[in-house]
Every structure is written in structure tokens, then in C-alpha cells.
Amino acid sequence: MNTTITDTLYKVNEAYLGWKKVSVEERVIYLEKVKAKLLKNLEDYAKCMTLDMHKPIKQAVAETEKSARLIDYYIENGAELLKGRTIKTDWTETYTVNEPLGVILGVMPWNFPFWQVFRFAIPTLLAGNTVVVKHASNVPLSAKALEECFNVDGFDQVYFNITVSGKEVDSIIESPIIKGVSLTGSEAAGSSVGKKAGELIKPTVLELGGSNAFIIREDVDIDSIIPIAINARFQNTGQSCIAGKRFLIQNSIKQEFTEKFVEAVKEIKFGDLMDYNTGIGLMAREDLAVELETIMLESVQMGAKILTGGKRDGAKFEPTVITDVTDQMPAFQLETFGPLAVIVGYDTFDQAIAMSNDSRFGLGVAMFSKDVMFLKSKIHEFDEGAVFINEMVISDPRVPFGGNKFSGIGREMAKEGLLSFVNKKSVVIK
């Protein structure tokens, strides 16, 4: 670990020694200042994301605004959520308190450069920890802007960026200053970080990949579902862990849904990324587009059929729909991190459940039907971190977020995220 990184860790640890003594009410004032700075520079920060990873400006602005809403949630609810609890015993007093752990490392991804950092850093800081963030190397403008946003008057030492390669993360985790790690990223990165943190008995939150099913029963109003399905798959150029990737459609309506879905996909337009009318951008890197193309072409060689799109030019990947997909194809089994939608038919809902669960991932599932009670009766049959009924899977600060199986461990946001890096101390007084 080089001298610059060592110095940074010492600085952020020194800041922690003071920050942990600051009252929750004062930490909330800090959050208010960060939010004000975020909104004041909203357009400039959004442009950083657009320039870094080709996110259309309208979506970048929406991401910035969503980050502000997360801060609002913790401003309004954080103090109450951090309270311990009284336990009824035969001692004079028994209760718990939630105390910070120290310096927490955040290893962050490129696909939502602001949102991912805010949903890690805001609750972690409010709990009394300080943070160092290793952001993705392909979003340098966003990383710099975030450090600027978090360092506000009177609170300028609680958040630091560090610039290291992925291979150097282990040495950061090994520092005795680091007390916990939160990573959002690939399965491989999560496995590596989890292994190192486990060796050192340090708590982790790992938010990894997903291959979410988007299940539609035959009783739906197809026309009302199409816009939701388009957004679920192609928002952020399809580069989202919670995107609807495998569309499981009851066979009685599969043809009608597919025809309408394909027509809607054809309407998604590339354009100037700074134009609010642009619906989709380039993928973040050309190698990612090549990887998606390989998954598609291998599936086609096994019998899948391209209904629209299917062409790549550098990092530009056309919005694509494929069908005749089987559970043995890469497009079904792997995470398709980009604008590729897979359509599969089913006869009975039990078949849909089995296909949804036939994945190493378990992040979320979206189900659509007029019979809500029927869908509610099936919730426990899904191996997922979240089940959404008549809504696409989304992340929201009010709701715990995280996955099952190879989608990760731990939870972000809501109360669970706020308590991810605290010492839940029990107190007993005779």
C-alpha cells in the first residue's frame, strides 16, 4: 500500500475519532448540507455521469434527484432508526445501543455512479462511521464530484476517495484501520472481497449481480404492461443488476405481448446524450458490449431467434429482443448486463416459478396479474431478495435492498442498511 493511501487512511481514521462523538442531530445537519450541495450542482453532477459512462442526461438528472430523496429519508427517519431498544428482563435495566465501527471501505460500481455511492455512504456516515470510497476507474469525473459534494463546511474529513486498482483492494482491507467493507459489483469482485474480509473477520455487504425474471400472467392488460417492461429492461442502457432480464410470458398471450414489446423496443432511440429526448446511450465500455454480444450469438447458435436489434458497433449495442430461448442457453443462465431482452413462454405458473428460480442469482422478481391474492400466495416460493407485484423491481431508500444466492449478502438502505456497520451493543444493569 503506497504512502498516499496510508496517509488517507490515517486522516479518515482521525476524522472518525471526532465524528463518532458528534450527536446524531449534528450528523443530520451534515446530511442537509450535502443535499443542498447536491441539488445546487445537480446539472453539473449529472453531466459528469453522462460524460463518464454515456448515461443519457435525463436519466443522469433523475439519478441525482433520487440520491437527494435518499438523503431526505435519512434526515427524516435516521435518528429514530438508530435508537436501540429496551428489553424486558429481571435485571434493573437491559437495553441495546447502536455504535459506529470506524472507517468503512466502499468499493463502488460505474453503472449508477452517484446513486450507489449515496446509498452506501449516507447511512454509513449517519451511523457515526467515516468512509473511504474506491470508485470504478471509468467514472473519474463522477468520483471527483462526489468527493467534492460530501466535503462540506465543517465536515470536510469524513469522506475520502482512494485511487487504486481492483487488485490493490485486498491490501486496503488488510489495514487495521478498515473495520468493514461494502461492495457493489460483479460476482467475481464480491467473491474476492468477501474472501479477504472473511479471513480478517470484518463485516461486509455485497450487492452483486442479478438475472431477474419479469413474469406476466395471461389476465393482464398487455398495453399497460409494455411501458413498464421497456423501462425494466432498457433503463440505463440495460446496465442494471435489478433490470428485468428474463421475460417469462404465459403462452396464451406470448405472441401478442412479443409483437407489442418488439414494436416498442424499435421506438427506443439513440441520440445526443445531452438531449433530454434521447432514450438510450452507448454501453459504458466496448468490452462490455462485446461480452453481451458473445452471450447473444452463442444463444443464437443454440437456436435462439433475434426479433429486433442484434447489432453492435463499438460500444453501441442496439436494443435487442430474442426468443426461442431455453434454460441451457447463456442468455438464460448468465447475467445479460446491457440492452438484451430474453422472452420465454410458460404454461403453468409453477413452471414460471421454476424457471425464475433456475438461476445462480436471487436479487428480485417482478410478477404481473390482476389476481393479486394469487401472486401473494406464491411469494415464499421464490428464491429472491425482493418480490414486486404489479411493479418492476426498483431500489427505494424506504425498502431494504439486497439479494439471495450469488446476488450477495447483507442489505442496503432502510433501517437494515443504516445498521449494517454498527456495533449492536447490549447493556445489562443489575
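Q: What is a pocket, and how much space lies in the second largest pocket?
A: A pocket is an open set of grid points with protein on both sides within 12 Å along at least five of seven lines. This structure is a predicted model, and its pockets come from a search of that kind. The space in the second largest pocket is about 840 Å³.

Q: Which element supplies the largest share of the lining of the second largest pocket?
A: The lining has 38 residues, with A62, K66, F112, N231 and Q235 nearest the centre of the pocket. Three elements each supply at least two residues: α4 (57-81), α5 (115-126) and α9 (222-234). The largest share, 7 residues, comes from α4.

Q: What is the volume of the largest pocket?
A: The residues nearest the centre of the largest pocket are W110, G185, S186, E187 and A189, and 37 residues line this pocket in total. The volume of the largest pocket is about 1,000 Å³.

Q: Which element gives the most to the lining of the largest pocket?
A: Two or more lining residues come from each of β5 (178-184), α8 (187-199) and α11 (286-301). The whole lining divides into 19 nonpolar, 11 polar and 7 charged residues. With 5 residues, the element that gives the most is α8.

Q: How many residues of α5 are buried?
A: A residue counts as buried when its relative accessible area is under 20%. In α5 the buried residues include W115, R119, F120, P123 and T124. The helix is mostly covered, and its buried count is 12 of 12 residues.

Q: How far does α5 reach from its first C-alpha to its last?
A: The helix has 12 residues, and at 1.5 Å a residue the expected span is 16 Å. Just after α5, G128 takes a positive phi of about 105°.

Q: Which element supplies the largest share of the lining of the largest cavity?
A: Unlike a pocket, a cavity is a set of points where a 1.4 Å probe fits but cannot get out. The search finds 2 cavities of 30 Å³ or more, and the largest has a volume of about 60 Å³. Its lining includes R119, F120, P123 and T124 alongside R411, E412 and M413. The largest share, 4 residues, comes from α5.

Q: How many charged residues are in the lining of the second largest cavity?
A: The second largest cavity has a volume of about 30 Å³, and N212, A213, F214 and A232 are among the residues that line it. Strand β7 (residues 212-216) gives the most to this lining, with 3 residues. The lining has 8 nonpolar and 2 polar residues, and the number of charged ones is none.

Q: How many disulfides does the rule count?
A: A disulfide needs a pair of cysteine sulfur atoms within 2.5 Å. The sulfur of C149 is 11 Å from the closest cysteine sulfur, in C48, so the two are too far apart for a bond. C149 counts as buried because its relative accessibility is 0%, and C241 is buried too, at 9%. The count of disulfides is 0.

Q: Are the planes of F247 and F261 stacked, tilted or edge-to-face?
A: A search of the whole structure finds 15 aromatic pairs. The rings of F247 and F261 have their centres 5.2 Å apart, and planes at 40° fall between the 30 and 60 degree limits, so the pair is tilted.

Conventions:
Residues numbered from 1 in each chain as written. Predicted model: local features only at pLDDT ≥ 70, side-chain atom pairs only at ≥ 80, totals over all residues. Heavy atoms only, no water. 1 Å grid on protein atoms, 1.4 Å probe; cavity = no way out; pocket = protein on both sides within 12 Å on 5 of 7 lines; lining within 4 Å. Points joined across faces, edges and corners; volume = space filled by probe spheres on them. Nonpolar A, V, L, I, M, F, W, Y, C, P; charged D, E, K, R; others polar. Buried < 20%, exposed > 50% of the residue type's maximum accessible area, 1.4 Å probe, protein only. Expected span 1.5 Å × (residues − 1). Phe/Tyr/Trp six-rings, centres within 6.5 Å; stacked < 30°, edge-to-face > 60°.
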